[in-house]
Amino acid sequence: MDTGNNAWILTSTALVLFMTLPGLALFYAGMVRRKNVLSTLMQSVGAAAIVTVLWALIAYSLAFSDGGGLNAFVGGLGRIGMAGIAPDTLSGDLPENLFLMFQLTFAIITVAIIAGAAVERIKFSAFMVFSAVWVVLVYAPICHWVWGGGFLGEAGVLDFAGGAVVHINAGVAGLVLAKFVGPRRGYPGSNLAPDNLVLTVAGAGILWVGWFGFNGGSALAADGAAAHALVTTQLATATAVLVWMGLEWILRGKASVLGAASGAVAGLVAITPAAGFVPAWAAFFVGAGGAFAAYWGVTALKKALKIDDALDAFGLHGVGGLVGAILTGVFASEAIGGAPGAIEGNLLQIWTQTWGALAAAVYCGAVTFAILFVLSKLMPLRVDEESEVSGLDTSLHGESVGG
């Protein structure tokens, strides 16, 4: 065991969990109406709880153990129920307990992101059952494909910290979920304005800080690669904020607080697959590309799809993640991450990144739809009209922000 690496990944694990609780929880809660703030917070809490239990029982094993003849597609059952993991069991030079926990925090935030697509109308019970099934049947296999010895990683797909595993995965699942449960009552004509952007900006700030553990920790070492990932993360995010504000100034005449927060998330999402593979200067282009694409995703594309992706899980994470994955293929540097991209003459890397991202998106979309279809036959996915009008805080949880 390397004690320095151990200390950094312990810290990174805490930072990534902090991204969901309270980061994403606040980011989302500030964007819904006051009558649904607590129910939105509860979805992040519920995701953290249910994913933790399923990760320990089976999902970690499916993601990171040897799947034998099926290893290209899914892991095995060698670590089911955390079997064979003792305090001194190592994964590389880290305790396997720590590696398991670090990867758990990624699974948690992926499921929590999905919730944003269906806030203000999905039943909490349905979301919890969906989350339990989804993390096992969708997240674990795709995680294995990329990071656990599966076919995407073996084919050379570059995903430093979760462009496909987390963001494309969550974005596509969110889009399918939003389509399946239908739009909020009154969408798009009614006033669905955010209740408290102070919460949203606070949440975005926590996400920004926590992302240093997300990207920097993905080096799995306290080394130069981790420091480099922190630099590219900061540069891309700051660039994305400026680009998003500039777009709003040009197109709307004013730069909004919500736009600045959204721009930050767009930059963070886009740099995630690239953080440890591209030069620092490329982070400016990745951040700008992510901002342009995500802005289009949450405005024009969202309108064209006519789907009420309430908090833009697909527009920010799905679109931003796809662009980040492709730009990783453009700017990857062999001297930095061990793999050359198009700028260094390896044009094929763009194709590898693209088909890898699409493979994850297609599998996620198809299996997510299948899960929701079966669940809809077993239980209602959406609250009734009266509950939606009165608000999910009181109808589902018997509480309200006012007391």
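**View 1. P188 lies in the loop between helix 6 (163-181) and helix 7 (197-216).** In this predicted model, local features need pLDDT of at least 70, side-chain atom pairs count only at pLDDT 80 or more, and totals for chains, interfaces and linings use all residues. Residues are numbered from 1 along each chain as its sequence is written, and side-chain values use heavy atoms, with hydrogens and water left out. The bond from Y187 to P188 is a cis peptide, with omega near 0 degrees. Helices are DSSP runs (H or I, at least four residues), numbered from the N terminus.

**View 2. L21 and P22 are joined by a cis peptide bond.** Omega is about 10 degrees. P22 sits in helix 1 (residues 3-29).

**View 3. E120 has a positive phi and is not a glycine.** Its phi is near 75 degrees. E120 belongs to the loop between helix 3 (96-115) and helix 4 (124-147). With 1% relative accessibility, E120 is buried (under 20% relative accessible area; exposed is over 50%, partly exposed in between; 1.4 Å probe, protein chains only).

**View 4. L220, also not a glycine, has a positive phi of about 55 degrees.** The residue is in the loop between helix 7 and helix 8 (224-252). L220 is partly exposed, at a relative accessible area of 28%.

**View 5. Helix 10 gives the most residues, four, to the lining of the largest cavity.** Helix 10 (280-305) and helix 11 (313-331) are the elements that give two or more residues to this lining. Residues lining the largest cavity include L175, K302, D309 and F314. A cavity is a set of points on a 1 Å grid over the protein atoms alone where a 1.4 Å probe fits but cannot get out, and lining residues have an atom within 4 Å of a point.

Methods. On a 1 Å grid over the protein atoms alone, a cavity is a set of points where a 1.4 Å probe fits but cannot get out, and a pocket is an open set with protein on both sides within 12 Å along at least five of seven lines; lining residues have an atom within 4 Å of a point.
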